[in-house]
Structure formats: C-alpha cells, structure tokens
Amino acid sequence: VVEGEVSGELKDLSGRINLNNLIRADGVVTEEVLQFRRLLGIVGVSEADSAGLASALLDWLDADDTPRMPGGAESSWYGSQKTPRRAANGRLAAVAELNQVRGFTPDLVAALTPFVAALPPDTTVNVNTAPAEVLSAVVPGLSLDAARILVAQRSRAWFKDVADFNARLPSQDARPDTSRLATTSRHFLATGRARFGVSTVRMEVLLDRSHRWPDIVWQKLL
C-alpha cells in the first residue's frame, strides 16, 4: 500500500508593510519610505544606517541606474562585488531578495521578514492583522508599547473600520495616513505540500482576494 498525504497553510500578508509600495513609476512614495525607516528602527537599526538601507532598496526598485545618497547602489556597485550581479531595477519578487541588496545582512532580513511583504504595489495595511511592530511603523508617533496595547484590545474587539482604529489610538497626535490602512485583508500566501510514497512536492501560491473568488498572482514549486 502506497501512503500519501496533503497539507497546507494560509498566511495573511496584508498585515505587513509592502516593500513594493516604496516607489511608483512617478517617483518615490515618501510616506512609505518613512514607514519602512521606522520599522528599521524598531528592529534595531540606527537612524543613520536606516537612511543608507532605504537608499539601497530604492535603487534596487527604481528603473534608473543612478545611485542615491547616502548608501545607494546600482549595477556599477553590484558588478564589482565578489559575487557580481545587477540591480533588479524592478519590484521585489520575494522578501528573501533583500539578501541581494547592499547593506541587508541575513540577520537583518530575518528580523524584517515577519513584518514585510513583496506584493503588487499600492496595497494597504490591515490594522486588524498587523503585528504591533507594523502598527508602530505605519502610525507616526505611536510607540511600540502603545501598539502592543492596541493589539491586546483588538483581540477582544476587532476594529470595525479605519475610523474606529483612529478613534482608539491613545493620542490624537498620532495621525496615520488613512488611505494606506484597511480593516480587511486582500493578499494571502497559500503553501501546500503533497507526499505520495517517497515523492514530495511543495508549492506556494500568492492569492489576491479583491474579488469574490481569489485570483492567483503567482505560483511556484519549491
């Protein structure tokens, strides 16, 4: 008798900061960059280092080949490294791609991974599923401790809408850009595993639930 099994997991990605939001065809999205730099500070990066890391990521994402200052890098820099490569000059396909970007160490990428995503651009952050670190990053002036209190309150009563989230902020001085927030999720990562005899297949699928039935953004075998 040949035995087999199928298992899977669904992970909400809408409660994370989408790194592909940092730049659009018409230029840098300043508020998204500031959110990312606040997140870098939360995971232990200094203010000076966060500026260089943001520049390097923007250079990786943008279409031109002109390095930003401070800390930027384009294909001229990457091509001179021990393992030569080129800047992507396009969207991140996966968060792990950060390991290729100047200044992003494996430890830093591991620290950021629970809080960031590589999704199609122009997404919002779901404040009902975002961890405290993400809430603190997307709401200027919201401390990490205050964000943790919000998460604890949320576990007893979800935010009904963005207005409800705003009303429950501990300080009226903390005013987020509400156009970048939501209380529902749109993107999910489905991971499946199938085993039949000695053969095993794993697959990841990024789903977009903007319609009644989710669309597949991409899928890949692992």
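**Entry 1: the cavity**

I began with the largest cavity, which holds about 50 Å³ of space. The model is a predicted one. I found one cavity of 30 Å³ or more in the structure.

Which residues line the largest cavity? I listed Ile17, Asn18, Asn21, Glu32, Gln35, Thr123, Thr124, Val125 and Arg180. Two elements, β2 (17-18) and α1 (30-42), each give two or more residues to this lining. I then sorted the lining by class: two residues are nonpolar, five are polar and two are charged.

**Entry 2: helix α6**

Next I looked at helix α6, residues 144-154. Its buried residues are Ala146, Ala147, Leu150 and Arg154. Looking down the axis of α6, I saw these buried residues fall within an arc of 100°, so they line one face of the helix.

What do the buried residues of α6 pack against? They pack against α5 (132-138) and α7 (162-167). I also checked the face of α6 turned away from the buried side. Asp145 and Ile149 are the exposed residues there.

**Entry 3: salt bridges**

How many salt bridges does a search of the whole structure find? I got 13.

Aspartate 122 pairs with arginine 24, and their closest N and O atoms are 3.0 Å apart. Aspartate 122 sits in the loop between β5 (116-117) and β6 (125-126), while arginine 24 is in strand β3 (residues 23-24), so the pair ties together parts that are 98 residues apart in sequence. Arginine 24 is partly exposed, at 40% relative accessibility.

Arginine 38 forms a salt bridge with glutamate 31. I noted 3.0 Å between the closest N and O atoms of this pair. Arginine 38 has 26% relative accessibility and counts as partly exposed. Glutamate 31 is partly exposed as well, with a relative accessible area of 21%.

Is aspartate 62 buried or exposed? Aspartate 62 has a relative accessible area of 3%, so I logged it as buried, the cut-off being under 20%. Arginine 68, at 24% relative accessibility, counts as partly exposed.

Technical notes:
Residues numbered from 1 in each chain as written. Predicted model: local features only at pLDDT ≥ 70, side-chain atom pairs only at ≥ 80, totals over all residues. Heavy atoms only, no water. Buried < 20%, exposed > 50% of the residue type's maximum accessible area, 1.4 Å probe, protein only. Helix = DSSP H or I, 4+ residues; strand = E, 2+ residues; numbered from the N terminus. Arc of directions from axis to C-beta. Contact = heavy atoms within 4.5 Å. 1 Å grid on protein atoms, 1.4 Å probe; cavity = no way out; pocket = protein on both sides within 12 Å on 5 of 7 lines; lining within 4 Å. Points joined across faces, edges and corners; volume = space filled by probe spheres on them. Nonpolar A, V, L, I, M, F, W, Y, C, P; charged D, E, K, R; others polar. Salt bridge = Lys/Arg side-chain N within 4 Å of Asp/Glu carboxyl O.
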